[in-house]
Amino acid sequence: MELPKFQRNGHSGHCIRCITGLGPAQVDYDTSRMAVGFYCIASLDVLGVVEQRLMEHERESIPQWIWRQHIRGAYGAGFRGSTSMTAEAWLNLDNAASSRLATYNQPDLIMTYTALLLLSIFRDPFTHLDRSGLVKFIGSCQQADGSFTVHPGEGDADLRTSYCAFAIASMLEDWSSINLEHGVDFILRCQSYEGGFGQAPGQEAVGGTTYCALAALALAAASPSAPPSTTLSSTANDAVLRWLIMKQRDAAGGFCGRTEKVADACYSFWCGAALAVLGHADLVDTERNAAFLALCQTKYGGLAKAPDELPDPFHTYMALASLSIYPPDLSATQDDAVKASWKLGQMDPMLNATLETAAWARTHIPLRKE
Ligand SMILES: [Zn+2]
């Protein structure tokens with residue numbers, strides 16, 4: 001199967017356009033600006049062009065903006081997604097309006113995870129990080145059933161937040177504020193009869209939350225206080241393995257996220273990375289995965305969720321991350337430009353970052369640095 005040239009300049013251009021502004025139609029994403037920034041800048045990291053595509057003043061001002069989202073309170077310390085829903089974003093507010101908005105001024109587990117990785121991409125020294133505050137924050141998000149709320153004591157609680165809490169604890173090398181046994185029990189209860197993991201107990205198995213479950217268990221297994229339950233039973237392991245492999249049955253070659261759905265580029269990462277975490281990268285049809293993602297490339301740069309759809313930074317990043325775990329075999333390709341175009345950085349599938357960025361996080365974030 002002959003692959004076309006991978007439009008790496010177009011894809012980095014798409015990410016640069018999305019960093020500078022998404023436009024009024026995307027105002028819904030304003031509270032998650034940290035995550036949008038992560039998908040854009042992590043794409044540049046996988047492409048190996050952070051220094052080349054971002055100007056020096058951007059490489060200084062973006063980390064400064066991220067540090068302005070590092071906030072503290074009785075819950076500890078974490079990062080918020082942006083200032084868009086806080087009193088600082090508005091002029092001439094009366095006191096009542098200011099105090100109503102104060103409820104939005106809270107750190108967010110998902111934004112905190114992405115902020116730590118973003119700062120690692122910029123090789124930030126983490127001098128300003130309130131590490132013990134972060135440890136307290138993840139603990140203040142845990143509920144009695146073992147799950148984690150996205151904000152301290154409120155908001156969504158599902159496998160996405162369990163994964164982020166475990167990833168933050170892993171980067172800090174400090175799990176002391178978490179009841180790890182309860183956290184692992186909650187994850188295990190999310191495995192559905194199909195084999196994959198749903199967002200919460202009793203829900204349908206989905207590729208994204210299956211990745212979150214398996215990566216969280218693998219991160220926990222590496223902690224000194226890991227309970228034996230972090231290792232799946234052989235029945236549970238076989239069931240999730242079978243479910244994941246069956247997700248690459250789409251005629252186009254990509255992965256779908258749920259049984260009987262069509263392929264979507266983000267599941268090339270969610271399901272593909274989940275298989276890599278399980279130690280079964282050999283069961284992915286790498287060539288067909290790359291052929292599907294090649295079709296998701298769009299004319300003016302960026303990758304879409306499926307062929308003939310519009311691109312976005314999330315699917316662009318997920319496709320790049322998948323290709324970095326599963327690079328296509330181009331040994332039979334004669335064209336050196338095509339070969340070079342598909343070359344990407346290597347990924348750490350558990351933290352969802354390039355090996356260099358994950359190593360930076362693991363060296364500079366641990367609590368022992370304080
Ligand atoms: Zn998708």
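**Helix α6, the zinc site and a β-hairpin**

Helix α6 is mostly covered, with 12 of its 13 residues buried (under 20% relative accessible area, with a 1.4 Å probe and protein chains only). The model is predicted, so local features need pLDDT of at least 70 and side-chain atom pairs count only at pLDDT 80 or more, while totals for chains, interfaces and linings use all residues. Residues are numbered from 1 along each chain as its sequence is written, and side-chain values use heavy atoms, leaving out hydrogens and water.

The helix, a DSSP run of H or I with at least four residues, covers residues 109–121 and reaches 19 Å from first to last C-alpha, close to the 18 Å expected at 1.5 Å a residue (1.5 Å times one less than the number of residues). Among its buried residues are L109, M111 and Y113. Just after α6, R123 takes a positive phi of about 55°.

Turning to the metal, the zinc ion is coordinated by D264 (OD), D264 (OD), C266 (SG) and H315 (NE2) at 2.1 to 2.4 Å; donors are N, O and S atoms within 2.8 Å of the metal (3.2 Å for Na, K and Ca). The arrangement is irregular because the four donor atoms subtend angles of 55 to 118°, whereas tetrahedral sites need all angles between 85 and 135 degrees. The donor residues follow the spacing D-x1-C-x48-H, and both D264 and C266 are buried.

Finally, antiparallel strands β1 (residues 70–73) and β2 (residues 76–79) are joined by four bridges (strands are DSSP E runs of at least two residues; pairing takes at least two bridges). H70 has F79 as its bridge partner in β2, and two residues lie between the strands of this hairpin.

Key: Buried < 20%, exposed > 50% of the residue type's maximum accessible area, 1.4 Å probe, protein only. Tetrahedral: all angles 85-135°; square planar, octahedral: opposite > 155°, others 65-115°.
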